[in-house]
Amino acid sequence: DYPINAFYGDYRMEGNGFGFGANAGVLWKASDKLTVGFSGQTPISIPMNGTAEMTMAWPINPQRQSTEGSLYPDRVRSFFVGVNDEVLSEPSYFKQDYKYDLDLPASIGAGIGYAASDRLLLAFDLSMTFWSAADSWNIAFINGGLQAGVDTLSSLSVPFGWDDQIRVSAGGEYMAKENLAVRGGFYYDGGAAVDSTFSPNFPDVGDRIGLTAGFSYMVAPNWELSAAQEIAFASERDIAQSGAMDGVVVFPG
């Protein structure tokens, strides 16, 4: 019965991994004014290894308090109790090594550049990142699993179920002077995180629209000063209590 079925815990992971990926692209000069480009990035799978730590804070068990109160009069008044008599009224600490594969998505992109005049260059880009390939983290605890007091965790799944994401960008560069370039643009960046697995672990607010501006100034043939500023407007996200993916507890709000 409640609250015995609801234990407080602090779970942390720390680890490292190493993997290989590749980027490739091609640029085609279609005419004196038009340039077309294509690029892509391969998916990357990184084997991760590290250590997981769990600290559990157990609520008072009234039945146990009534039967053991005479044995531990100075401890049973504490809110926390441990999993055995030696750590009664103390949080329990558990530690174990883990491993899993961190899958990072592939992406593809295309763009065009158009020289509207000798001074003005216009550009448009479209890219897509396949976040749906990074569906979940399937963590395996080694050496017998992670002891958690009342249970042993042999594995842990962190689902994402993210959507593939599209980014659209457009901008221009104007040569105000021979040594001064002024640039500006905007972009739309779709959010990959879905409501059914939303949590504070990856607080993706959703779709974003950005405005950019900047300039570069050629001080000398081998010296250039440049500056840029970006303002991003993020859409509001409303997460409902219901609609969570199986095995997931969402954080509504």
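Predicted model: local features only at pLDDT ≥ 70, side-chain atom pairs only at ≥ 80, totals over all residues.

Select aspartate 10 first: at 34% relative accessibility it counts as partly exposed, a class lying between buried (under 20% relative accessible area) and exposed (over 50%), with a 1.4 Å probe and protein chains only.

Residues are numbered from 1 along each chain as its sequence is written, and side-chain values use heavy atoms, with hydrogens and water left out.

**Further salt bridges**

The whole structure contains five salt bridges. Select glutamate 173 and arginine 183, whose side chains meet at 2.7 Å, N to O. Glutamate 173 belongs to strand E12 (residues 165–177) and arginine 183 to strand E13 (residues 180–189), 10 residues apart; strands here are DSSP runs of at least two residues, numbered from the N terminus. Glutamate 173 is partly exposed at 22%, as is arginine 183 at 35%.

Next, select aspartate 195 and arginine 237, a salt bridge of 2.6 Å, N to O. Aspartate 195 lies in the loop between E13 and E14 and arginine 237 in the segment after E15, so the pair ties together parts that are 42 residues apart in sequence. Then display Arg167, Asp189 and Arg208, which are linked in a network of salt bridges.

**The nonpolar core**

Turn to Tyr98, Tyr100 and Phe141, the residues with the most contacts inside the largest nonpolar core, which has 14 residues. Such a core is a set of buried Ala, Val, Leu, Ile, Met, Phe, Trp, Tyr and Cys residues joined through side-chain atoms within 4.5 Å. Strands E4 (44–57), E5 (92–104) and E8 (136–141) each supply at least two of its residues, and E4 gives the most, with six. Beyond its neighbours within four places in sequence, phenylalanine 141 is in contact (heavy atoms within 4.5 Å) with residues including Tyr11, Ala52, Tyr98 and Leu156.

**Strand E15**

Finally, select leucine 225 in strand E15. Leucine 225 is exposed, at 52% relative accessibility.

How values were computed. Helix = DSSP H or I, 4+ residues; strand = E, 2+ residues; numbered from the N terminus. Salt bridge = Lys/Arg side-chain N within 4 Å of Asp/Glu carboxyl O.
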